[in-house]
Structures are given as structure tokens and as C-alpha cells.
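Please open the model in your viewer and keep the sequence panel beside it. The tour below moves from one selection to the next and says what to look for at each stop.

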Amino acid sequence: MDTDIEELRERFLNIEFDEVEFEIDGKRFREYALASGETDPKFTEIDHPNFQAPPTFVSTLVGRRNFPPDFPPLNGVGMDAGKQVEWKAPVRDGAKLTGKSHLHDIYTKTGRSGRMVFLVTRMEIYDDGGTHIANADTRTVIRERSSG
Amino acid sequence: MADRVHSIADVEFGETLPAFDPDTSLDNIKRFGRHVGWGTGRFTDHEIARKEGFPGAIVPGVLSQGFLGAMIHRWAPNAQITVIDTVFRAPVLVDHPHKITGVVTNIDEDEKTVEIDITVTNEANETRVFGTATIKLP
């Protein structure tokens, strides 16, 4: 692994840098379900006894920042390269959730156009009883500009 | 290929899930923008997106992930998606037809889990989004 990446990993991985609270509105996740093409009434009908958000809905919960405030600028433009959700329990209408974010991984890939740095930001999501209900990861890729 | 599966016993290794045509219309993306988020010009206005360097308005990645989940739920209504990982390889363009497909790549009868490779392709059959999902079935 490149030395600069090793240093970033040692300095920033697994250190919480953001905490944000969400009050979940069932109408919002119903719209998410309908736009996605969900047909199961447990996702689309507010009166359903098991009404809940589709598992991927937590990807729409956004923190105040994607990286630690003191994270150094990298030489390139960041793009959203992907998202992962790990589901543990349903998200319900009216739930009060807390999202706690940390950098979960930093790694590189090298292609014809040079090095790409991948930053994986994980938001751990808890309900108001402290139960861990989901992880929502955002993978950002930075294509480094040639320094020549 | 089964149109629907209800338990792990119904699932066959290598089977292809019924293809799903997601609603990538501008109307759907605008509605998503109003009620969920991602309502800025690059998603809801072709002209603004072109000025930002895209071929046209693009579907938010969070919605592409939603499309993939919906395909799985349509095929397996009793499934619980426990992990879904999506890689945004290239933009999914608004108002262009896309197809969502899935292939069963692993079945664990003991854990009652199934792994599925999932893909969003455009009309030229180019992969725009791909990934994997793990589901749990009765």
C-alpha cells in the first residue's frame, strides 16, 4: 500500500466525525418506494400494519459532512462511486434515528489514467433506544490529476 | 426461471430474475426530487445537466439502488434484503429506457441466504450500475 494512503488510514479510519439526528417521515419513504417501483403494500401503504421503509431508503439519510473536517484535500475531483446498505432492523414512520459517521476504508486502484483513491464513509444508524438498525456506506472516488 | 419465489427451496442456482424496467422518466425523477431529495438541476433538467457536462439529466444513485431493491422484492416478496452493494459505473440517463437484471450466484441453505448479482444496463446494453445483494428467505 502507498505510504500516503497508509498515513491517511492510520490517522482517520474508524474515528467518528459527525453525528446527526433524523425524524423519519413515512410519507417520504412511501414516495421513495413508489418512485423505486416497489409494489408491496408494506412499503407503499401508510395504513399497512407492517408499514416500513424499503431497506435501501437509509442511503437517502445524509450527514452534515462526508469527511472529517481536518481531512487533507486530495489532488482531484470527488465523485459518488457507489453505496452499500447493511440492514439490521426496519425503519418505521415517526422513528427518531441517529446517524454517526466515520471513515470506514481508504484504498486505491490504478488504471490507465492514473491512481484513484476510494474513501468509504460509513454512517451507523441507531434508533432512539440505541439499537443499531443499519449501516449506510458511501464510496467516493477521487481520480488524481497528473502532477506533471 | 420462476416469476416469483416464496422460500429458499424455490430458488435455483444460476437462475435469472425477471427483468424489470425502471421508471426513469423526468416526471418520476422530478417527483422523487420534490418528496425525497436530489431535486437539483442535474437530476431534473436536461439543459442544466448538459451545462454541467452530462449528456442529459441523470437518475440519482440512491434511486438506482431503490430500483434494484424493488426488482428483488417483486421476485421474492418474502425476502429480506440484508446487504445491497451498488457500484455507480456510469450515469443512468433520465428519459432513456434501462433494464434491471439479477442472477443468483450463491445459495446457502443452512443460513437461508441467497446472493444475487444485480445490474442496470442502458438501451445499448452497457452496464451503468452493478453490484451484489444478499437476501434472507424463509
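This is a predicted model: local features need pLDDT of at least 70, side-chain atom pairs count only at pLDDT 80 or more; totals for chains, interfaces and linings use all residues.

Along the principal axes, the C-alpha atoms of chain B occupy a box of roughly 50 × 30 × 20 Å, and 40% of its 138 residues count as buried.

Next, select Ile58(B), Leu68(B), Met71(B), Ile72(B), Ile116(B), Ala133(B) and Ile135(B), which touch the most other members of the largest nonpolar core, a set of 54 residues. The element that gives the most to this core is H4(B), with eight residues. Then centre the view on Ala133(B), which, leaving aside residues up to four places away in sequence, touches Leu68(B), Ile72(B), Ile81(B), Val83(B), Ile84(B), Ile116(B) and Ile118(B).

For the last stop, show helix H2 (residues 26-36) of chain A together with helix H4 (residues 61-75) of chain B, whose axes come within 8 Å and cross at roughly 70 degrees. Since angles of 65 to 115 degrees count as roughly perpendicular, H2(A) and H4(B) are therefore roughly perpendicular to each other. Which residues meet where H2(A) and H4(B) are in contact? On the H2(A) side they are Tyr32(A), Ala35(A) and Ser36(A), and on the H4(B) side Leu63(B), Gly66(B), Phe67(B), Gly69(B) and Ala70(B). Coloured by residue type, the residues of this contact divide into five nonpolar, three polar and no charged.

Terms used. Residues are numbered from 1 along each chain as its sequence is written. Chains are lettered from A and ligands numbered from 1 in the order in which they are written. Axes are lines fitted to C-alpha atoms, for helices over the stretch in contact, and angles run from 0 to 180 degrees between N-to-C directions. Helices (H or I, at least four residues) and strands (E, at least two) are DSSP runs, numbered from the N terminus. Angles under 35 degrees count as roughly parallel, over 145 as roughly antiparallel, 65 to 115 as roughly perpendicular and the rest as oblique. Two residues are in contact if their C-beta atoms, placed from the backbone, lie within 7 Å. Ala, Val, Leu, Ile, Met, Phe, Trp, Tyr, Cys and Pro count as nonpolar, Asp, Glu, Lys and Arg as charged, and the others, Gly among them, as polar. A nonpolar core is a set of buried Ala, Val, Leu, Ile, Met, Phe, Trp, Tyr and Cys residues joined through C-beta atoms within 7 Å. A residue is buried if 20 or more other C-beta atoms lie within 10 Å of its own, exposed if 12 or fewer, and partly exposed in between; C-beta atoms are placed from the backbone.
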